[in-house]
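Here are some quick notes to read alongside the model. Keep the structure open while you go through the points.

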Amino acid sequence: MVKVAMQVNSPRASVFAILTDFASYPQWVPGCEKCSILSSAGQISTLEIILNSMKRVTLALRFDAEPDQLLKFELVSSKDVKAYSGSYKLMNATDGGTVVVTELELDAGPMAPKFMVDRMVKSTLEATGEALRKHAKMMPTAVAASVAQDQPTGKKSRRASRPKCLLRVIKTESGERIWYSGRMFGPE
Amino acid sequence: MKRKRTATATVSVKPSLVYEIVSDYAAYSRWLPGLKSSRLLAEEGNFAIVELEFAANPGVQLTVECIHAPTSMVVLRSLTGNRPRVEIRWAIAAAGSGEAQVTLKIEGPVSHALRPGKYRGFFDPDRGLAALQGVLASAGEGPAGEKIIEITETEEGLFCLYRGTRYRMEAGS
């Protein structure tokens, strides 16, 4: 399993729309030669995809979508790989846009060592992320603007910084004491 | 090869304050040794994605996923398949009244953990806990008693509380 997180400067709904527009995959997914929708019912679609990167592979994949949240995919059949499954998880980026966390597990068979496959998968996921960023930029602004209002306002941190006490002089029963950087000075 | 190290300390603050500090990922680079920057990319529920930049390797970001269980546990680990493989685990437990026991476990590749310089600082849980204690010291409630003077630093600047009145402090030159 390889995981990659990427930030896309588009609203979550736009990113989800791109990821579920399966017919358009050949236009932007690196190495995607063909994508045919075999069946589609509700949030579940079965596709035949031909990918050509290190090797040309044909995959029948089932996609299961949770709108604007998650897109899972799993292998239905393939002569070329033993396992191919993963997901796209969408999160609102703290400074605007969307963070896409992509997971992919690929088992190319006994002839391909796992560490080599994982390395290839990582670079493929990074390339796909970059392609997604570029493709999202080209989306009509009207579509992006219509969903932009759903985005939360960005924030750098989960909480505002708390005031930091640097120095305190207090009056106690035994006299005045000085507290500095967590240490107390003065009469006990 | 991985290297695991663990350190434990008891601090004189409530577990909730410790949790608040160690789950504020965006603020990590302000106090955790060996970090140049820390950026919270996204957060939902008990899950967050954070980018860390090590002082020993500026310009290169390591993306980590974070899971937090309020007031008891915070775990940060490299996304699967990313290098270096790092896991930071904070465990927080109540220890007597107003005290907390904090355990920091750091796992990382031997090549990084033993390398002299800023990586070593990051992979040393004793230094991590000492840094946390420094943050807690300034974030804590402080001693009880009638406040005569208090100087605090906030995002808006320095303030001085003198006998019940708050003054903004400005540089004299």
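**Notes on the A–B contact and chain B**

1. Start with where the chains meet: 36 residues of chain A are in contact with 29 residues of chain B (contact means C-beta atoms, placed from the backbone, within 7 Å). Bear in mind that this is a predicted model, where local features need pLDDT of at least 70, side-chain atom pairs count only at pLDDT 80 or more, and totals for chains, interfaces and linings use all residues. Residues are numbered from 1 along each chain as its sequence is written, and chains are lettered from A in the order in which they are written.

2. On the side of chain A that touches chain B, β8(A) gives the largest share, nine residues. Strands here are DSSP E runs of at least two residues, and helices are H or I runs of at least four, numbered from the N terminus. By class, that side has 16 nonpolar, eight polar and 12 charged residues (nonpolar: Ala, Val, Leu, Ile, Met, Phe, Trp, Tyr, Cys and Pro; charged: Asp, Glu, Lys and Arg; polar: the others, Gly among them).

3. β8(A) also pairs with β8 (residues 146–154) of chain B, antiparallel, over seven bridges; pairing takes at least two DSSP bridges between the strands. A:V169 has B:I149 as its bridge partner in β8(B).

4. Chain B itself has five helices and 10 strands. Of its 173 residues, 29% count as buried (20 or more other C-beta atoms within 10 Å of the residue's own, with C-beta atoms placed from the backbone).

5. Now look at helix α1 (residues 15–22) of chain B: B:P15, B:L17, B:V18, B:Y19 and B:V22 are buried. Their cover includes β1 (2–11) and α5 (125–139) of chain B.

Definitions and conventions: A residue is buried if 20 or more other C-beta atoms lie within 10 Å of its own, exposed if 12 or fewer, and partly exposed in between; C-beta atoms are placed from the backbone. Two residues are in contact if their C-beta atoms, placed from the backbone, lie within 7 Å.
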